[in-house]
Amino acid sequence: MTLAFWGLVTFLLFVYFEPYLLLPPLESIRAALIVAVLTLIFALRAGARPPRAPQSRIFILILLIAVVASLTSPLPYDDHVHEILTRLAKSVALYFLVSMIVSSRHYL
């Protein structure tokens, strides 16, 4: 098992089990975001490349549109919008991490 794979497993634990509900300091330091960025760095250093599928560009475009639309919206930016953007960013990160790291049937 590589370090990138263990980073992916840790990120999945943060996404699905939300340990910051039990340990609030994890949310204040944005542990899930830090784990995702570190996992991406480890995967790129191990030789993984981002997928070149059209879906990849579409996911990034959707994320950028959501961020720009929420920041330029005439409605006030509140915690609900922040939560939705965070979940969308986690979904996009999860797509890229899984498609980059789980590249063989052995890992599946």
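Reader: In this structure, is the crossing in which helix 1 passes helix 3 left-handed or right-handed?

Author: The model is a predicted one. The contact between the two helices includes Leu 8, Phe 11 and Phe 14 of helix 1 and Val 35, Phe 42 and Ala 43 of helix 3. Where helix 1 passes helix 3, the crossing is left-handed.

Reader: Are helix 1 and helix 3 roughly parallel or roughly antiparallel to each other?

Author: Their axes come within 9 Å and cross at roughly 160°. Angles over 145 degrees count as roughly antiparallel. Helix 1 and helix 3 are therefore roughly antiparallel.

Reader: How many charged residues does the contact of helix 1 with helix 3 have?

Author: Sorted by class, this contact has 11 nonpolar and three polar residues. The number of charged residues in the contact of helix 1 with helix 3 is given as no charged residues.

Reader: Is Ser 56 buried or exposed?

Author: Ser 56 lies in helix 4 (residues 54-72). Apart from neighbours within four places in sequence, Ser 56 is in contact with Pro 51, Tyr 95 and Phe 96. Buried means under 20% relative accessible area. Ser 56 has 4% relative accessibility, so Ser 56 counts as buried.

How values were computed. Residues are numbered from 1 along each chain as its sequence is written. This is a predicted model: local features need pLDDT of at least 70, side-chain atom pairs count only at pLDDT 80 or more; totals for chains, interfaces and linings use all residues. Side-chain values use heavy atoms; hydrogens and water are left out. Helices (H or I, at least four residues) and strands (E, at least two) are DSSP runs, numbered from the N terminus. Buried means under 20% relative accessible area, exposed over 50%, partly exposed in between (1.4 Å probe, protein chains only). Contact means heavy atoms within 4.5 Å. Axes are lines fitted to C-alpha atoms, for helices over the stretch in contact, and angles run from 0 to 180 degrees between N-to-C directions. Angles under 35 degrees count as roughly parallel, over 145 as roughly antiparallel, 65 to 115 as roughly perpendicular and the rest as oblique. A crossing is left-handed if the near helix is turned anticlockwise from the far one by less than a right angle, and right-handed if clockwise. Ala, Val, Leu, Ile, Met, Phe, Trp, Tyr, Cys and Pro count as nonpolar, Asp, Glu, Lys and Arg as charged, and the others, Gly among them, as polar.
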